[in-house]
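Thanks, everyone, for making time this morning. I would like to walk you through one model, looking at how its parts meet and then at a few individual residues.

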There are 2 protein chains.
Amino acid sequence: MRINKKIMTIAVVGIGLIGGSMALALKEHGLVRRVIGVEANSVHAHQAISLGLVDECATLEKAVKEADIILLATPIGVAQQLLPIILDHVDKQVVFDVGSTKHSICETIAKHPNRKRFVASHPMWGTENSGPTAAVKNAFVNKATVICSKEESAVDAVALVEKIYGILQMHILYMDAAAHDMHVAYVSHISHITSFALANTVLEKEREEDAIFELASGGFESTVRLAKSNAAMWVPIFMQNRDNVLDVLNEHIAQLKKFKACLEKENFDYLQELIENANGIRRILKN
Amino acid sequence: MRINKKIMTIAVVGIGLIGGSMALALKEHGLVRRVIGVEANSVHAHQAISLGLVDECATLEKAVKEADIILLATPIGVAQQLLPIILDHVDKQVVFDVGSTKHSICETIAKHPNRKRFVASHPMWGTENSGPTAAVKNAFVNKATVICSKEESAVDAVALVEKIYGILQMHILYMDAAAHDMHVAYVSHISHITSFALANTVLEKEREEDAIFELASGGFESTVRLAKSNAAMWVPIFMQNRDNVLDVLNEHIAQLKKFKACLEKENFDYLQELIENANGIRRILKN
């Protein structure tokens, strides 16, 4: 089995924050000796080589042919288009993705004859930055990662992806794709929408940007940090997870309206109750 | 002038995150030799002594009498009640507050015969934690602080407060109280409301808390961190800054509804535009 080979070749399709960081870690560990990048953006391709994230860049076809592992790390819309093409060309290789939604991509290849070579996964790590220059060493450590619907994948393929996440020092959770998408709407997607909307609120209303620049404190920066995130990544996520995100967004607007009603009616007892209820998030947050 | 005395006594009224952290810094620097705490909560009073934040605790009356500087660092509703009483008992002492709203407290003592001994200020630093155990060394460094309506304060009083913020290595901004309150609604108060509401959204809808616990990633933690903040501090802030906060909250809900409309109508071009507009926050954020 390929998994027992000491040193392998990985094709990283989409060399950005995730693909680049993962290539760095796997090469440093020694699991892979050769990293072939597949990158549509020629500036990113050059950056990836000069930053040492990849050894070379190649066409998708060549990379798939020469690799033992294919990591699909493009924005999810592109990943969904490329995955069937990649699966058409694999035999024993293992293909895994790292996209933020899982139901749609799994549906796309559900009937593919090589479905079992694919493992659907989602490492729960990222920053608001993107592109090869955003890649960092020691990303992923101690974070959670999800493997979806592992029973649809070959045992050796799952084992290799588990080995990769072990090398990255991630904690693996298993769930089905639909449950994953609902959960991430709560713990990731809604946070991005609130942060984008908060940024637009401030940019819309506040003319004296200098005053904001000077006054913006840690609290503001932490809630609005995600608003720097890349539209090319996030629009497809919101497209694919539209129903879950809409559910959570409606609930979130309803929660905000409770705060609004408290202020309008000067009902400060209920305001206190809302805040004390929110403090319950301490139970959930690790830090 | 007292400001020229090498070593002074400070009374810290309310020994929590801000009062405690400030006392630590001023004593370490040597500006003050003696710190007298005034603390209604007896558990906090004992903690403050055992943590070395204060040398002793005393009644408000005794502390004001024996101090050169009086730092008012209680929640803002209490500060507004105590300030006139403190000013009744000062002659040459300098009194300053660190509250998150400034208009209301300044109005309260506008006609007080000792108004000039008071300097209204707001250091833009904090964490989601509170109480004496939350106090830390090296807080405030490189953050902004606001001094409001300095023309209402005596020159020597302003000079001493400026000296204190210099010791804390803060960058001082000057503005009138009403402008301050409007700005902080944007850069601080709305962030807390969105964070509280986000926490309640997740707590309300998500039954499988274990899944959230495992999946919650950096993005979620940063947007919801402020939801741990103390109701006793925040309810009075929202009371006092109600009109500004309502303006910003209404705008924020309107911005969220744009995202909702994009999803409902599957208008992903406009969604991309909204996100790209939000990316403009990079201009404002320092990091």
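I will begin with the conventions, then take the interfaces, and finish with salt bridges and some loop residues.

What you see is a predicted model, in which local features need pLDDT of at least 70 and side-chain atom pairs count only at pLDDT 80 or more, while totals for chains, interfaces and linings use all residues. Residues are numbered from 1 along each chain as its sequence is written, chains are lettered from A and ligands numbered from 1 in the order in which they are written, and side-chain values use heavy atoms, with hydrogens and water left out.

Where the two domains of chain A touch, 16 residues of domain 1 are in contact with 17 residues of domain 2, contact meaning heavy atoms within 4.5 Å. The area buried between these domains of chain A is about 1300 Å², and carbon and sulfur atoms give 61% of that area; buried area here is the accessible area, with a 1.4 Å probe, that two parts lose on being put together, summed over both. Of the area that domain 1 of chain A buries against domain 2 of chain A, 42% is supplied by A:S100, A:T101 and A:E128, more than by any other three residues.

How many salt bridges does the rule find across this interface of domain 1 and domain 2 of chain A? There are two salt bridges across the interface of these domains of chain A, where a salt bridge is a side-chain nitrogen of Lys or Arg within 4 Å of a carboxyl oxygen of Asp or Glu. A:E128 also forms a salt bridge with A:K228, at 3.8 Å from N to O.

Turning to the two chains, 88 residues of chain A are in contact with 88 residues of chain B. Between them, chain A and chain B bury about 9000 Å², with 67% of it on carbon and sulfur atoms. A:L215, A:K228 and A:I284 supply 8% of the area that chain A buries against chain B, which is more than any other three residues supply. The count between chain A and chain B is two salt bridges, and A:E266 and B:R242 meet through their side chains in a salt bridge of 3.9 Å, N to O.

B:R242 also forms a salt bridge with B:D243, the closest N and O atoms being 3.1 Å apart. B:D243 is exposed, with a relative accessible area of 52%; on this scale, buried means under 20% relative accessible area, exposed over 50%, and partly exposed in between, with a 1.4 Å probe and protein chains only.

Over all chains, the count by this rule comes to 28 salt bridges. One of them joins the side chains of A:E264 and A:K260 at 4.0 Å, N to O, and these residues, being four apart in helix α11 of chain A, are separated by about one helical turn; helices (H or I, at least four residues) and strands (E, at least two) are DSSP runs, numbered from the N terminus. A:E264 is partly exposed at 40% relative accessible area, and A:K260 counts as partly exposed at 23%.

In chain B, the side chains of B:K150 and B:E162 meet in a salt bridge of 3.7 Å, N to O. This pair links distant parts of the chain, 12 residues apart, with B:K150 in the loop between β7 and α6 of chain B and B:E162 in helix α6 of chain B. B:K150 is partly exposed, at 36%, and B:E162 is partly exposed too, at 25%.

Finally, some loop residues of chain B. B:N138, in the loop between β6 (118-123) and β7 of chain B, has a positive phi near 60 degrees although it is a residue other than glycine, and B:N138 is exposed at 63%.
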